[in-house]
Amino acid sequence: MSETHLYKKIADRIAGLVEKGTFKAGDKVPSIRELSRQAQVSINTVKIAYGHLEDRCIIEARPQSGYYVCPKAPELPREPIIDRDSFSPVDISSSELVVRIMRDTLDPAKVQFGAAIPDPHLMPAEKLGRILAAKARTHKIESASYSIPPGSRKLRSHIGKWMIKAGCTLTPEDIIITSGAAEAVYLALQVICRPGDTVAIGTPIYFNFVEMFKLLGLRVIEIPNSPVDGLQLELLEHALKENDIACCLVISNFDNPLGSCLSDERKKALVTLLHEYDVPLIEDDINGDLSFADDRPSVAKAWDRSGKVLLCSSFSKTLAPGYRIGWIAPGKFKDAILQRKLVTNVACASPTQLAIAEFLENGGYAHHLRTIRKAYAAKLAQLSDAIAHAFPQGTRVTRPNGGFILWLELPESYDAMKLYAAAAKKKITIAPGSIFSITQRFSNCLRLNGAYWSEENRWAVEELGSLAKAQAAGLSI
C-alpha cells in the first residue's frame, strides 16, 4: 500500500473518531509514536497524517504536550480600536454589578460562568486539609501566632525556587506574603500612586482593578489589548509621551479577560520602555502556572534591572482560593510595601502559609499543575465548541493557551447587560463586557468562566445562545 494511501487512511480514521464523538474537543489523540505502533505504519506516515488533520483544523499541536482535538473555532475577537487622540486620563465611576457578580458565587443553584473562580473539584482540598491539620498539631505555637510580614521564610523560599521556571531570580528576602494577589496589587498601587495620579492599563481590564482605582482616587488611560499579543506597546509609548503616568499595570500571562500572553520579546520591550520613562510596572502573574504547555511562560520581572517591576501572584487559581495566600516581589519598593502591609493587615494567616509551603515541598505541585492544566485546556476547548454551536452566527471567541476564561464578542447590535439580566433569571451568571472598561466599551461582549464547564452545564450555554438569538430577533428576554 502506498504511503499516500496510508497517511490518508490514518487521517480519515482519526477524523472519523472525532466526528463520532470518541474524541471530543480538547481530548488528546494518540501520540505519533503510539499511533505508529498501533497502526503498524512508519512514524513519518503518522506525521504526515497529523499534518493533514492540522490543515483541516481537526487537531492542533501543543508544544511539548502532543496533539489535541480542535473545537469548532469561531473567529477571534477584533482588537480594540482607540484613537490616539483619546489617550487622556479618565475618572472612574464604581459599578454595583461587580459586587453582584461576586456575590453570585454564594448561590450554589447558579451556574458560575460569571466570576473567574477555579473548579473546586480540581483543587487538592483533601490533601491540603491533611497537611493543614498536621501543621496545626506539630507547629501549635507558630500556627496560632502572627506571621509578621514578610511572612513564612519557608514559603518564600519555595516561591523563589519555583519562579526560576519563569526566568526570575528571587531570594526569600525579595518576597512578601500577602492575602491573595488582589492585596498584592492593591498594596503596590497604594505605595506608588497618590489620589489623582494616572495608571496605564490594557483594555479590556479585569474589573476588580477598576474598583481598586476608584477606591484609591486614581485616573486611568486605557491602552488596547490584543487577544493574541496582549498590550499594544507602540500605543503605550504614545500615551507615555503625552501624559504623566504614575505606573503601568499588566497581567502578563493569560490576561483577564482576553487570555492573551505577552511573548518574551514583548515582556522585555515593555520593561525597557517603562524604564526609559522611569515608570514602575505592576505585573500580575496570577495565571502564569496555568499554561497549557508543559513549560510555564516567563515574567516581565525576569528583565527587571532597576527594581521597578513589582511582581504579584498567588495560589488562588491553582491550589486554594480560600487559603488567601499571595505574594509580591516589590523590588526597590520593598520597605514601603512592608510598612503598608503591617499597618493595614498586620499579617497573613500562619496555618495556611505553613500548609502551602509543605505542599510546594512535598505535595507534588508540579504534578498537580499538569493535571489541572490538562483539565482546563479540555474545558475551554469543549466550551468554545459548545459556544460555536449555540450562539448566533458572527460570535467571536478567544483561544487562550492558559487559564480558564473565554471572552466572547457578539455582533455589535447585541447588549450583554440585557443578556446578563435574562441569564440571571435562568440561574446562570455571566460577566458582561462593559464592566471591563472604564469608558463602558465592549457592551456587546461577555466573559465566561470555563472552569465551570461540564456536560451537565451544556444546557446553560445553549440557554445563553438562545437568549442571544432571541435578542437579535427583537424578542423580549
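Tutor: Start with the rule for pairing: two strands pair if DSSP finds at least two bridges between them. Strands are DSSP E runs of at least two residues, helices are H or I runs of at least four, and both are numbered from the N terminus. This is a predicted model; local features need pLDDT of at least 70, side-chain atom pairs count only at pLDDT 80 or more, and totals for chains, interfaces and linings use all residues. Residues are numbered from 1 along each chain as its sequence is written, and side-chain values use heavy atoms, leaving out hydrogens and water.

Take S13 (residues 405-409). S13 and S16 (residues 445-449) run antiparallel, joined by 5 bridges. Leu-408 faces Leu-446 in S16. S13 also pairs antiparallel with S12 (residues 396-397), over 2 bridges. There, Arg-396 stands opposite Glu-409 of S13. In S13, 5 of 5 residues are buried. Buried means under 20% relative accessible area; exposed is over 50%, and partly exposed lies in between (1.4 Å probe, protein chains only). Both faces of S13 are covered: Ile-405, Trp-407 and Glu-409 are buried on one side, Leu-406 and Leu-408 on the other.

Now the open sheet. Its 8 strands follow the order S4-S11-S10-S9-S8-S5-S6-S7, with mixed pairing. S4 (176-178) and S7 (230-231) are the edges, each pairing on one side only. Inside the order, S5 (residues 198-203) and S8 (residues 247-251) are parallel, with 3 bridges. Ala-200 stands opposite Cys-248 in S8.

Helix H8 (residues 180-192) lies across S4, S5, S8, S9 (281-284), S10 (309-314) and S11 (326-329), at about 160° to S10. Axes are lines fitted to C-alpha atoms, for helices over the stretch in contact, and angles run from 0 to 180 degrees between N-to-C directions.

H8 also packs on H9 (residues 207-216) at about 35°, with axes 11 Å apart. H8 brings Ala-182, Val-185, Tyr-186, Leu-189 and Gln-190 to the contact; H9 brings Asn-208, Phe-209, Met-212, Phe-213, Leu-215 and Leu-216. Contact means heavy atoms within 4.5 Å. By class, that is 9 nonpolar, 2 polar and no charged residues. Nonpolar covers Ala, Val, Leu, Ile, Met, Phe, Trp, Tyr, Cys and Pro; charged covers Asp, Glu, Lys and Arg; the others, Gly among them, are polar.
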